[in-house]
Amino acid sequence: MRIFAVVIRILRQFISDKRTMALMIVAPIIILTMLSLVFNGEDLELKLGVRNTPESIVEQMEKHASVKPIASDEAIESTLKKDYDAVIDFGNGAKKLYLEGSDPSINRAVINMVQSSSMGKNQEMDLEVSYLFGSNNMSSFDHFGPVLVGFFIFFFVFLIAGVSFLRERTQGTLERVLATPIKRWELVTGYVIGFGLFTMLQSAIIALYSIYVIDLMMEGAFLFVLLITLMLALSALTLGTLLSSFAKNELQMIQFIPLVVVPQIFFSGLFNLDTISNYLSWIGPLTPLYYGADALRSVMIKGQGLTDIWIDLLVLLGFSIVFMILNIYALKKHRRI
Amino acid sequence: MPKDAIEANVTKNYGKTTILDHVNLSLKRGEIFGLLGPSGSGKTTLVKLLCGIEEASDGEVKVLDTKMPNLSMMKKVGYMAQADALYGELTAYENLKFFATLSGVHRRDQKERIIEVMQLVNLENELQKKVEDFSGGMKRRLSLAIALLHNPDILLLDEPTVGIDPSLRQKIWWTFEKLRSNGVLILVTTHVMDEAERCSRLGMIRNGQLIAVGTPDELKKQTDSVTIEEAFLSFGGGVE
């Protein structure tokens, strides 16, 4: 009953606050559109597997990449899944290049390098290129896209949930609400459900727009994308409301963004995770976006399903539950029972 | 023998500052108790302690013989904060509906109760108006209406009539007196001396200490004063 009252109140507030509603939906769409128009690829350190390949070519390639021989009975697909960018097989007169394929900038770099290493002077080469994931017409933005979709949903939900919970405190309504017999967990749960319902709508619109209007690569099922964005939004929502307890005003809430939200981009896979210094790399697994982005890439680029993303989803749910419990505990500051 | 509705014996510190210093108070049902004191004297803190959103650093508050904070006792208390705690983007009706549900007013009685309390504060025609478009006095009245929604046995009202015009104030006090005769305990904090005259008993508070308690007549007699204001000043309750 009381939970519902909180839920209904939040939804009513959204409906009468058109600007906030627009901000949560339109702003991510505008930014994603701009980024899709802006982005182009860059270079990276490569990791290759080789077999049946002439020593001279391998030597050439070793100048530019780390090259390891692969046993001829090993399945190429499983090799590529083990963190190799590509496998080269020159057996039986054919020249085959198998790419892992999910990052277009790596694909391009591998193809360029293999061609320049194996070519004689002015010699054309018939390289048979195949992709485990993705394809040769995948753009850089297809690779970044899923991460950015996740990030912007996280960012806006975090900010708006945080600020609205904070305003309950600054305008005195939190105290007034806690003077009624509502239990702390009922208040927190009401918030999560109320915002969760709105967030579902927001995630669906942003995901639909990204896939069908911006035309981001989409190999997997839309339902999984929705599920992931919802879980990610839930973690943003619970983290935002939790951190709002430590802010005195809206400005301080905004100060959490460079501290808590922006660093998550670094570990989300937008930048190559292998190049992160060991002093920092442990932070990645502690951030919700790390899992959200991983799951989104699995579904949107690799077309994978529930078997490949359930761990990510579970971890995100775990984050949300932990943040909720901490928030219920933080509300003790305002009323002990 | 009926128990006291509220029994408090509290000290409250924020860090090293003492806000309330051994305030000892017992209030009965069927009285209007006025809490008088300059700003910063600890009135608001005392009200918050009584309704259970603050806790004493030392001592305890008992409402209907139950130690606060206690959720089922909060159901019996109507609280009106000094600052209007309202959702500006919602209409008056939506605010009332929200708090009615939180305070445990049964769904089927909500509409009726909402209209009743809004008539009491002369706002029955503003139900569909957004609260952000309300004047200061209207917000005060709406806050009061919210405190009355669930027919509480105890009303704790922190400056309920600030910004409300005299004729409506008369009406509200008339309501208070009616509630009192039905056995409700009403505690109001106030600056207005003619309101103080209408209280059954008064408590004068200064620098966190309760310096005098009694009926208006008793207090005037004790200090040989004609008005409450004089009595208050001779107890040393003036603003320094």
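Helices and strands are taken as DSSP runs, of at least four residues (H or I) and at least two residues (E) respectively, and are numbered from the N terminus. By this assignment, B:Thr215 falls in the loop that links β10 (209-214) to α8 (216-223) of chain B. The model examined here is predicted. Within it, B:Thr215 has 13 C-beta neighbours inside 10 Å and therefore counts as partly exposed, given that a residue is classed as exposed at 12 or fewer such neighbours and as buried at 20 or more. When neighbours within four places in sequence are left aside, B:Thr215 is in contact with B:Ser200 and B:Arg201. A separation of 9.1 Å is found between the C-alpha atoms of B:Thr215 and B:Phe33, although these residues stand 182 residues apart along the chain.

The domain organisation of chain B was considered next. Chain B is divided into two parts, with domain 1 comprising 1-70 + 153-159 + 185-240 and domain 2 comprising 77-151. A distance of 26 Å separates the C-alpha centres of domain 1 and domain 2 of chain B. Domain 1 of chain B contributes 9 residues to the contact between them, and domain 2 of chain B contributes 7 residues. On the side of domain 1 of chain B that touches domain 2 of chain B, at least two residues are supplied by each of α1 (43-51) and β7 (154-158) of chain B. Of these elements, β7(B) gives the most to that side, with 5 residues. The composition of the side of domain 1 of chain B that touches domain 2 of chain B is 6 nonpolar, 1 polar and 2 charged residues.

In chain A, 5 strands form an open sheet of mixed pairing, arranged in the order β2-β1-β3-β4-β5. Its edges are formed by β2 (65-69) and β5 (128-131) of chain A, each of which pairs on one side only. From one strand to the next, the twist averages 20°. Within this sheet, strand β3 (residues 86-89) and strand β4 (residues 96-99) of chain A are antiparallel and are paired over 4 bridges. A:Ala86 is placed opposite A:Leu99 in β4(A). Helix α3 (residues 55-62) of chain A lies across β1 (46-51) and β2 of chain A, and runs at about 145° to β2(A).

The largest nonpolar core has 147 residues, and the residues with the most contacts inside it include A:Phe154, A:Val157, B:Ala145 and B:Leu187. Helix α6 (residues 140-170) of chain A gives the most to this core, with 18 residues. Beyond its neighbours within four places in sequence, A:Phe154 is in contact with A:Leu232, A:Ala236, A:Val261, A:Pro288, A:Leu289 and A:Gly292.

The contact between the chains draws on 24 residues from chain A and 22 residues from chain B. On the side of chain A that touches chain B, α1 (2-16) and α7 (173-178) of chain A each supply at least two residues. The largest share of that side, 6 residues, comes from α1(A). By class, the residues of the side of chain A that touches chain B divide into 8 nonpolar, 7 polar and 9 charged.

How values were computed. Residues are numbered from 1 along each chain as its sequence is written. Chains are lettered from A and ligands numbered from 1 in the order in which they are written. This is a predicted model: local features need pLDDT of at least 70, side-chain atom pairs count only at pLDDT 80 or more; totals for chains, interfaces and linings use all residues. Two strands pair if DSSP finds at least two bridges between them. Axes are lines fitted to C-alpha atoms, for helices over the stretch in contact, and angles run from 0 to 180 degrees between N-to-C directions. Two residues are in contact if their C-beta atoms, placed from the backbone, lie within 7 Å. A nonpolar core is a set of buried Ala, Val, Leu, Ile, Met, Phe, Trp, Tyr and Cys residues joined through C-beta atoms within 7 Å. Ala, Val, Leu, Ile, Met, Phe, Trp, Tyr, Cys and Pro count as nonpolar, Asp, Glu, Lys and Arg as charged, and the others, Gly among them, as polar. Domain bounds come from an automatic or database domain assignment.
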